[in-house]
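Please look over the chain shown here before reading on. The briefing is meant to be read beside it, one topic at a time.

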Amino acid sequence: MWCLVALPPMARAGRRRPSTSVPRRGRTLAALPCGCRCGRRHLIGASSAAALIPLLTPRSPAAPPIDPEVMLERVHPSRPDWYEEFYATAMDQGMKSYEAEIAGYKAKLFSQLSATGKNILELGVGTGPNFKYYASNVGVNVIGVDPNKHMEDYARTAAVSAGLPSSSFTFKRGVAEALPVEDNSMDAVIGTLVLCSVNNIDMALREIYRVLKPGGHYLFVEHVAAPDGSLLRFVQGAFDPLQQFVADGCHLTRKTGENIRGVGFSSLSLASVRLSTAYIISPHVYGVASK
């Protein structure tokens, strides 16, 4: 989770701006990570803020990425082995009813990959529940990115079961804010139930855009906030802190569709659906964005 902290404006040498009776509202805002159970550190003090400014400076999508290992340890440092193994097992065993209901939407979405290129990055690959929809396509090479190293064994098993040779799957420990791949190198990026738990959703989306080839596709399925004013939106707001605490930083109240619209993709197809098997995360958006 990120906090916005107002920083004083920088003074220009030799010039002094006259004061006014109305305080300026255009102060510089810096996004700083706040503490949570999953290991993201709450940095306090001006010295810590200054250290983060280079990481948070806006950059063009084509610029070299921040060192992925540095970013990984900054926003998602390693947890104890027992916790990461427990979480991987829980994801493998606890999402079956959800996957059964979302299967029809995923099958339609991933059918579009058969006509695209062969280099695919799956962000938040987890235990590999999506491989069965696309991994058997001829010539596919998949890079699976996940901060939890214990997901790798589950993901490899799922890949082989789906028909993807082990030599065609690479697992990389990393986070969405600094993807460990080159600019314009991926024919497709896949992300399902990922943007709810990244530290900085806009930075993650800029990285997705950066690594896609021109004409490449971003396929997504994300749970989102319920409509403002609804009972479910009230419930989500009440349970959001607990959800972040027990679900590895997952947020219930993000309007992820709006973030995706703001990236600047050349085309975007986005649909909404409400699932019945997961009440508090039932509102979803899914679709395809093209670079």
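This is a predicted model: local features need pLDDT of at least 70, side-chain atom pairs count only at pLDDT 80 or more; totals for chains, interfaces and linings use all residues.

The chain has nine helices and nine strands, and buried residues make up 47% of its 291 residues. Among contacts between residues at least 6 apart in sequence, 73% join residues at least 24 apart. The chain exposes about 14600 Å², of which carbon and sulfur atoms supply 58%.

**Nonpolar cores**

- The largest nonpolar core has 31 residues, and those with the most contacts inside it are Leu 113, Phe 131 and Tyr 134.
- Two or more residues of this core come from each of the helices H3 (81-94), H4 (96-110), H5 (131-134) and H6 (151-161), and likewise from each of the strands E5 (169-173), E6 (186-192), E7 (212-223) and E9 (283-290).
- The largest share of this core, four residues, is given by H4.
- Apart from this core lies another one, of 26 residues, which includes Val 181, Ala 204, Ile 208 and Phe 220.
- As general background, nonpolar side chains tend to be buried together in soluble globular proteins.
- Once its neighbours within four places in sequence are set aside, Phe 131 is in contact with Glu 122, Val 125, Val 142, Ala 155, Ala 158, Ala 159, Ala 162 and Phe 169.

**Strands around E7**

- E6 and E7 run parallel and are joined by six bridges; Ile 190 has Leu 219 in E7 as its bridge partner.
- E6, helix H7 (residues 201-211) and E7 together make a right-handed β-α-β unit.
- E7 and E9, by contrast, run antiparallel and are joined by seven bridges, with Tyr 218 standing opposite Ala 289 in E9.

- In helix H2 (residues 68-75) the buried residues are Met 71, Leu 72 and Val 75. These residues lie on the same side of H2, because they cover an arc of only 105° around the axis.
- The buried residues of H2 pack against E5 and H7.
- In H6, the residues Met 151, Ala 155 and Ala 159 are buried. Seen down the axis of H6, its buried residues fall within an arc of 65°, and they therefore line one face of the helix.
- The cover over the buried residues of H6 includes H3, H5, strand E4 (141-146) and E5.
- On the face of H6 turned away from its buried side are the exposed residues Asp 153, Thr 157, Val 160 and Ser 161.

**Thr 256 in helix H9**

- Thr 256 has its place in helix H9, which spans residues 256-261.
- Thr 256 has a relative accessibility of 0% and therefore counts as buried.
- Leaving out residues up to four places away in sequence, Thr 256 touches Leu 195, Ile 201, Glu 222, His 223 and Val 224.

**Loops and backbone angles**

- H6 is followed by Gly 163, whose phi is positive, near 95°.
- Pro 165 is found in the loop between H6 and E5. Its relative accessible area is 45%, so Pro 165 counts as partly exposed.
- Pro 165 and Ala 135 are 30 residues apart along the chain, and their C-alpha atoms are separated by 9.0 Å.
- Most residues other than glycine have a negative phi, and this is the background for the next two residues.
- Leu 193, although it is not a glycine, has a positive phi of about 55°; this residue lies in the loop between E6 and H7. With a relative accessible area of 22%, Leu 193 is partly exposed.
- Asp 248 is likewise not a glycine, yet has a positive phi of about 60°, and its position is in the loop between helix H8 (231-246) and H9. Its relative accessible area is 14%, so Asp 248 is buried, the cut-off for that term being under 20%.

How values were computed. Residues are numbered from 1 along each chain as its sequence is written. Side-chain values use heavy atoms; hydrogens and water are left out. A nonpolar core is a set of buried Ala, Val, Leu, Ile, Met, Phe, Trp, Tyr and Cys residues joined through side-chain atoms within 4.5 Å. Buried means under 20% relative accessible area, exposed over 50%, partly exposed in between (1.4 Å probe, protein chains only). Contact means heavy atoms within 4.5 Å. Two strands pair if DSSP finds at least two bridges between them. A crossover is right-handed if, with the strands pointing away from the viewer, the path from the first strand over the helix to the second runs clockwise. Accessible areas come from the Shrake-Rupley method with a 1.4 Å probe; for residues, only the protein chains shown count as cover. The arc is that of the directions from the helix axis to the C-beta atoms.
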